[in-house]
Amino acid sequence: MKFHILTLFPEMADTCLHASILGRAAQSGCVSFHTVNIRDYTVNKHKKVDDYTYGGGAGMLMQAQPVYDAWNSVQSGSEVKIRTIYVTPQGRTFTQELAQELSQEKELIFLCGHYEGIDERVLEEVVTDSVSIGDYVLTGGELPALVMVDAIARLIPGVLHNENSAETESFQNGLLEYPQYSRPPIWHDKGVPEVLLSGNHQKIAQWRLEQSIRRTQERRPDLYERYMKKNLQS
Ligand code: ADE
């Protein structure tokens, strides 16, 4: 899977994408990351990429030309339209389900906005999905793009070495993950739930499911309700 990140601050993305698990995954070839500096595509002789908004108002807007040409430098190398995600607080909220869906694509383009946003005309031409990471406003699209890239990339085979761990964790079955314990068996006078030491895999699975359901009910009643509805129907 190839991720293209269109940004005015490529160094922000590069630092994160070349470290830790994502960095290793890129080295092994199961994913690749390509940052495009939008400023490299401006035709303005002063390298300007933003201007005042028509109609007045505070702040500057990223102009259509450099954004379009940066996008086209990626799109023109492909025969199919590449799914292009505009990272914006006005988009639909990113979820594990959307991460799952996007992880099936061969290539993705993330368009990171800055200042007051991007000229609407270029968004109309290039964007296939507008996506937000939550109801709060950040200074730019780079951090949310990296959040989404991370969540998508870890679902791609080979990125996580333990293939099971993406399947059992929180959200994958609509529930939060159960509590987990490691050595020592007693710590600060606290033991480990007996069933986990029993070696009975069926009982352990049952206990974990019950814990997941209880934890989801307590912490995320919205998810719990959805889970119960789905499981009563089926
Ligand atoms: N840009 C600024 N804030 C954002 C958010 N919450 N999600 C996506 N993009 C953003």
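Reader: Is C30 buried or exposed?
Author: This is a predicted model, where local features need pLDDT of at least 70, side-chain atom pairs count only at pLDDT 80 or more, and totals for chains, interfaces and linings use all residues. Residues are numbered from 1 along each chain as its sequence is written, and side-chain values use heavy atoms, without hydrogens and water. Buried means under 20% relative accessible area, exposed over 50%, partly exposed in between (1.4 Å probe, protein chains only). At 19% relative accessibility, C30 counts as buried.

Reader: How many disulfides does the whole structure hold?
Author: A disulfide is a pair of cysteine sulfur atoms within 2.5 Å. For C30, the nearest cysteine sulfur, that of C16, is 18 Å away. For C112, the nearest is also that of C16, 12 Å away. The search of the whole structure finds zero.

Reader: Which residues of helix α1 are buried, and where do they lie around the axis?
Author: Helices are DSSP runs (H or I, at least four residues), numbered from the N terminus. In α1, residues 10–17, the buried ones are P10, A13 and L17. They cover an arc of only 70°, taken from the directions from the helix axis to the C-beta atoms. Therefore they lie on the same side of α1.

Reader: Which residue has a polar backbone atom 2.7 Å from a nitrogen atom of the ligand?
Author: A polar contact here is a pair of N or O atoms within 3.5 Å. A backbone N or O atom of T88 lies 3.3 Å from a ligand nitrogen. For G134, the distance is 3.2 Å. The 2.7 Å value belongs to Y136.

Definitions and conventions
Helix = DSSP H or I, 4+ residues; strand = E, 2+ residues; numbered from the N terminus. Polar contact = N/O pair within 3.5 Å; in protein donor to acceptor, adjacent residues only side chain to side chain.
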